[in-house]
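Hello,

I am handing this structure over to you, with notes on what was found in it. Please look at the sequence and the model before reading on.

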Amino acid sequence: MVPFAKSLVDAFPDRVLWGTDWPHPNMKKEAPDDGVLVDHIPKVAPSAAEQKALLIDNPMRLYWG
């Protein structure tokens, strides 16, 4: 997952967002550990600027811009 997600961040730095399907309503059994999912963010967006775009700037522009 990390190489694919990183390629999206690299190709579309001003358009990509982070998201999960929390609270995982479609999971029939145990839901994934969201902490583990969030631990992948620095792997796909290593710099502080990329993380800010992924988590703050791009969602703000999409939903409230």
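Which backbone oxygen does the side chain of Asn58 reach at 2.8 Å? The oxygen belongs to Val16.

Basis

This is a predicted model, in which local features need pLDDT of at least 70 and side-chain atom pairs count only at pLDDT 80 or more, while totals for chains, interfaces and linings use all residues. Residues are numbered from 1 along each chain as its sequence is written, and side-chain values use heavy atoms, with hydrogens and water left out.

Overall picture

The protein has four helices and zero strands, and its pattern along the sequence is α-α-α-α. Helices here are DSSP runs of H or I with at least four residues, strands are runs of E with at least two, and both are numbered from the N terminus. The C-alpha trace spans about 35 × 30 × 15 Å along its principal axes.

Of the 65 residues in the protein, 18% are buried. Buried means under 20% relative accessible area, exposed means over 50%, and partly exposed lies in between, with a 1.4 Å probe and protein chains only. The accessible surface comes to about 5,000 Å², and carbon and sulfur atoms account for 63% of that surface. These areas come from the Shrake-Rupley method with a 1.4 Å probe; for residues, only the protein chains shown count as cover.

Among contacts between residues at least 6 apart in sequence, 58% join residues at least 24 apart. A contact means heavy atoms within 4.5 Å.

There are 7 positive and 9 negative side chains, and the centres of the two sets lie 4 Å apart. Lys and Arg count as positive, Asp and Glu as negative, and His and the chain ends are not counted. The place of each charge is taken as NZ of Lys, CZ of Arg, CG of Asp or CD of Glu.

The nonpolar core

The largest nonpolar core has seven residues: Ala5, Val9, Val16, Ile41, Val44, Ala45 and Leu54. Helices α1 (2-11) and α3 (41-44) each supply at least two residues of this core. Such a core is a set of buried Ala, Val, Leu, Ile, Met, Phe, Trp, Tyr and Cys residues joined through side-chain atoms within 4.5 Å. Ile41, one of the seven, is in contact with Trp18, Gln51, Leu54 and Leu55, leaving aside its neighbours within four places in sequence.

Asn58 is found in helix α4, residues 48-64. Asn58 counts as buried because its relative accessibility is 4%. Besides the oxygen of Val16, the side chain of Asn58 reaches the backbone oxygen of Pro13, at 3.0 Å. Not counting residues up to four places away in sequence, Asn58 touches Pro13, Asp14, Arg15, Val16, Leu17 and Ala53.

Pro59 is also in helix α4. Its relative accessibility is 13%, so Pro59 counts as buried. Beyond residues up to four places away in sequence, Pro59 touches Leu17, Ala53, Leu54 and Trp64. Pro59 and Asp14 are 45 residues apart in sequence, and their C-alpha atoms are 9.8 Å apart in space.

The loop between α1 and α2

Pro23 lies in the loop between α1 and α2 (34-38). The peptide bond from Trp22 to Pro23 is cis, with omega near 10 degrees. His24 is found in this loop as well, and its phi is near 60 degrees, a positive value in a residue other than glycine.

Is His24 buried or exposed? His24 is buried, because its relative accessible area is 6%. The side chain of His24 makes a polar contact of 2.4 Å with the side chain of Asp21, and another of 2.8 Å joins the side chains of His24 and Asp34. A polar contact is a pair of N or O atoms within 3.5 Å; within protein, one must be able to donate a hydrogen and the other to accept it, and residues adjacent in sequence count only if both atoms are side-chain atoms. Not counting residues up to four places away in sequence, His24 touches Ala31, Pro32, Asp34 and Leu37.

Asp34 is found in helix α2. With 25% relative accessibility, Asp34 counts as partly exposed. The C-alpha atoms of Asp34 and His24, ten residues apart along the chain, are separated by 9.8 Å. Asp34 touches Thr20, Trp22 and His24, again not counting residues up to four places away in sequence.

Regards
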